Amino acid sequence: MSEQHAQYTKLVGLLDERGATYRVIEHEAEGATEAVSALRGNTLEQAAKCIVVMVKIGKKTKRYVLAVVPGDRRVDLNALKALLGGTYAGFATQEVAERLSGSVSGTILPFSFDPELELVVDPALLEHEEIFFNAARLDRSLALRTADYREIAGPRTEAISQ
């Protein structure tokens, strides 16, 4: 089993264990938010766009944030920098993002299973009954009840999109 499929299995196991309400949606392999939302039939506002951001705190300390924003918005790097009291914020390298998230780019889950990766979600995403995201696979997505997502993922909620 590839690491990618291992993350999918881990997530579904967690959701089942916690009694979450979700649907699996199989589709053509696609990682771009706009294109995969069209395949799934959800609005961009319901799509969880997941991006790993590196924030420098002083000269030698870095913190990593899994920023989750609605698919119709962009991550506000200045908001994340201010939130963490950083001096710089930028997108993590693909290698770092994939290592910390356990998923390849385009399939990063809106859940953090790594203590080095702090989960911060924009509240606009949580206004919907369900959220949609690629489930650590380009060919499979989940539609997850938002209340279950909040309870299981336990994200920090802050305005981090523009």
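# Reading the chain: terms and values

Visitor: What pattern does the chain follow along the sequence?

Guide: In this predicted model, the order of elements read along the sequence is α-β-α-β-β-α-β-α-β-β-β-α-β. The secondary structure amounts to 5 helices and 8 strands.

Visitor: How do you know that the radius of gyration agrees with a compact globule?

Guide: For 162 residues, a compact globule would have a radius of gyration near 15 Å, and the chain has 15 Å, so the two agree. Along the principal axes, the C-alpha trace spans about 45 × 35 × 30 Å.

Visitor: What share of the chain is buried, and what makes a residue count as buried?

Guide: Buried residues are 49% of the 162 residues. The cut-off is a relative accessible area under 20%. The accessible surface of the chain is about 7900 Å², and carbon and sulfur atoms account for 47% of that surface.

Visitor: What share of contacts joins residues at least 24 apart?

Guide: Of the contacts between residues at least 6 apart in sequence, 69% join residues at least 24 apart.

Visitor: Why is Leu 11 called buried?

Guide: Buried means under 20% relative accessible area. Leu 11 has 0% relative accessibility, so Leu 11 counts as buried. Leu 11 lies in helix H1, which covers residues 3–17.

Visitor: Which residues is Leu 11 in contact with, beyond its neighbours within four places in sequence?

Guide: Leu 11 is in contact with Leu 109, Phe 111, Phe 113, Phe 133 and Leu 142. Phe 111 is 100 residues from Leu 11 in sequence, while the C-alpha atoms of Leu 11 and Phe 111 are 8.5 Å apart in space.

Visitor: Why is Ala 67 called buried?

Guide: The relative accessible area of Ala 67 is 0%, so Ala 67 is buried by the cut-off of under 20%. Ala 67 belongs to strand S3, residues 61–70. Leaving out residues up to four places away in sequence, Ala 67 touches Lys 49, Cys 50, Ile 51, Val 53, Val 75, Leu 80, Val 120 and Ile 160.

Visitor: Why is Ala 48 called buried?

Guide: Ala 48 has a relative accessible area of 10%, and buried means under 20%, so Ala 48 is buried. Ala 48 lies in strand S2, residues 48–57. Among the residues that Ala 48 touches are Val 68, Val 69, Pro 110 and Leu 125. Phe 132 and Phe 133 are also touched by Ala 48. The C-alpha atoms of Ala 48 and Asn 78, 30 residues apart along the chain, are 20 Å apart.

Visitor: Where is Leu 125 found, and why is Leu 125 called buried?

Guide: Leu 125 is in the loop between strand S5 (117–121) and S6. With a relative accessible area of 0%, Leu 125 is buried, since the cut-off is under 20%. Apart from neighbours within four places in sequence, Leu 125 is in contact with Glu 45, Gln 46, Ala 47, Ala 48, Val 68, Pro 70 and Ile 131. The C-alpha atoms of Leu 125 and Pro 115, 10 residues apart along the chain, are separated by 23 Å.

Visitor: What makes the phi of Ala 136 worth a remark?

Guide: The phi of Ala 136 is near 60 degrees, a positive value in a residue other than glycine. Most residues other than glycine have a negative phi. Ala 136 lies in strand S6, residues 130–137, and is buried, with a relative accessible area of 0%.

Visitor: How many positive and negative side chains does the chain have?

Guide: There are 19 positive and 23 negative side chains, and the centres of the two sets lie 8 Å apart.

Visitor: Which residues does UniProt list for the domain?

Guide: An unreviewed UniProt entry lists residues 31–151 as "domain: YbaK/aminoacyl-tRNA synthetase-associated". That span is 25% helix and 36% strand, and its end C-alpha atoms lie 26 Å apart.

Definitions and conventions
Residues are numbered from 1 along each chain as its sequence is written. This is a predicted model: local features need pLDDT of at least 70, side-chain atom pairs count only at pLDDT 80 or more; totals for chains, interfaces and linings use all residues. Side-chain values use heavy atoms; hydrogens and water are left out. Helices (H or I, at least four residues) and strands (E, at least two) are DSSP runs, numbered from the N terminus. The radius of gyration is taken over C-alpha atoms; the globule rule is 2.2 Å times the number of residues to the power 0.38. Buried means under 20% relative accessible area, exposed over 50%, partly exposed in between (1.4 Å probe, protein chains only). Contact means heavy atoms within 4.5 Å. Accessible areas come from the Shrake-Rupley method with a 1.4 Å probe; for residues, only the protein chains shown count as cover. Lys and Arg count as positive and Asp and Glu as negative; His and the chain ends are not counted. The place of a charge is taken as NZ of Lys, CZ of Arg, CG of Asp or CD of Glu. UniProt positions are given in the numbering used here, feature names are shortened, and annotations may be inferred rather than shown by experiment.
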